[in-house]
Amino acid sequence: MGNRMCEIAERMKVVIVLSVVQAALAGVIVFYKLAVIEGMSMRVLIAYRFIFATASVTPLAFIYERDGKANLTWKVIFLGVLSGLFGGALGPNLFIASLSLTSSTYATAVSNLVPIATFIFAVILRMERVGIKRVGGHAKVMGTFLSIGGAMILTFYKGKEIILWSTNINVIEHGQQHTQHATVADQVLGSLLALGSCVAFAIWYIIQAKMSEIYPFTYSASALFCVTASIQATVYTIITERNWSAWKLGWNLRLLSVVYTGLVGTGLTVVLMSWCLRLRGPLFVSIFNPLTLVYVAVVGSLIFNEKLSIGSILGSVIIVIGVYVVLWGKAKEKKTRPAQLAAAPEQPAEPETVDLVIQDTNLSCDPSKAISS
């Protein structure tokens with residue numbers, strides 16, 4: 001009974017933490033949009049974001065995992081470099097490029113395809129089995145095609161605009177024209193960039209899964225990711241951004257955007273998500289992705305005067321349904337597997353499907369112990 005209560009309490013902690021994480025990530029997207037309207041170079045913002053994240057996470061790794069066995073090997077360093085490339089330099093830069101061509105709500109809706117892209121890559125790399133002859137396998141395939149169809153609707157169908165409410169809040173007036181009069185070419189190009197960002201983040205999930213197997217140290221792995229991401233993002237920005245005045249920060253919105261996206265949007269969320277991934281796995285964590293879309297849609301309509309359309313709402317709903325169908329299929333497979341093994345005890349046990357991130361079976365009621373373990 002005590003173990004059962006401990007498990008329920010642990011699950012509630014994970015739910016609360018993931019809700020906070022999605023709210024923090026929604027804030028990152030809002031600050032991205034504000035920085036775009038302010039005229040700040042997004043490449044510079046990405047570089048500063050990971051520099052500030054490195055400064056916040058590295059001391060935690062030194063304090064909490066200094067006496068552990070978190071020894072770096074060449075394989076871990078190589079995975080860390082790849083993790084920084086896809087999750088730090090490439091993925092965020094593609095996302096902010098799509099954000100500048102579309103709207104914050106639209107770009108966030110497309111990012112809900114990340115779990116689907118991760119599932120496809122996991123199947124290709126045989127980290128996940130489809131099980132096409134089973135109900136769970138059918139659900140995963142159907143959910144994948146639903147999400148892809150929703151992304152197509154989101155990209156190519158606009159429809160009538162819908163105004164949820166009217167507000168007198170007007171953060172930056174000249175930003176309204178940018179968000180309201182995007183051309184069809186910008187919409188398509190922004191969609192392609194957003195899809196590229198989804199692919200980059202899906203590859204990042206795969207790399208993180210492999211790293212968690214051989215290097216299960218939350219703070220140290222997060223610090224390694226932030227360090228490699230900051231180096232690569234900074235080098236890329238120096239090469240592409242020749243205007244050195246773009247690096248200047250003052251006591252203004254630019255500094256606030258850098259501090260928030262670095263300390264909260266990266267440093268805090270990476271550590272919290274790593275803890276949740278170790279406890280519950282990537283599929284459970286991905287369930288909360290649509291919360292970001294809700295947060296951003298509300299804030300975007302309030303301060304950016306972004307209009308929702310029938311196409312964006314319909315496409316977003318189909319994407320979310322597709323994601324949940326895939327997750328339902330995954331849960332269905334986990335429930336039917338014990339029954340299949342019990343029905344055929346003489347058969348050798350079939351290896352269990354490997355999750356993208358190895359889950360920590362020691363569900364401690366103390367999150368600080370779970371993180372430091």
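Which helix holds R49?

**View 1. R49 in helix α2 of the predicted model.** R49 lies in helix α2, which covers residues 42–64. Its relative accessibility is 10%, so R49 counts as buried, the cut-off being under 20%. Apart from neighbours within four places in sequence, R49 contacts V28, Y32, T261, G262, G265 and T266.

**View 2. The largest nonpolar core.** This core has 74 residues. Y32, L45, V110, F225 and C276 have the most contacts inside it. Helix α1 (residues 2–38) supplies the largest share of the core, 14 residues. Y32 is also among the residues in contact with R49.

**View 3. Surroundings of L45.** When residues up to four places away in sequence are not counted, L45 touches Y32, A35, M40, S257, V258 and T261. T261 is also one of the contacts of R49.

**View 4. A nonpolar patch on the surface.** I120, I124, L125, F145, I148, M152 and F156 form the patch, and together they have about 750 Å² of accessible area. Two elements, α5 (114–124) and α6 (135–156), each give two or more residues to the patch. The most come from α6, with four residues. In general, nonpolar side chains of soluble globular proteins tend to be buried together.

**View 5. L125 in the patch.** L125 is placed in the loop between α5 and α6. L125 counts as exposed because its relative accessibility is 52%, the cut-off being over 50%.

How values were computed. Residues numbered from 1 in each chain as written. Predicted model: local features only at pLDDT ≥ 70, side-chain atom pairs only at ≥ 80, totals over all residues. Heavy atoms only, no water. Patch = residues over 30% accessible without salt bridge, like charges linked within 9 Å, V, L, I, M, F, W, Y side chains within 5 Å. Areas by Shrake-Rupley, 256 points an atom, 1.4 Å probe, with all protein chains shown as cover. Salt bridge = Lys/Arg side-chain N within 4 Å of Asp/Glu carboxyl O. Buried < 20%, exposed > 50% of the residue type's maximum accessible area, 1.4 Å probe, protein only. Contact = heavy atoms within 4.5 Å. Core = buried A, V, L, I, M, F, W, Y, C linked by side-chain atoms within 4.5 Å.
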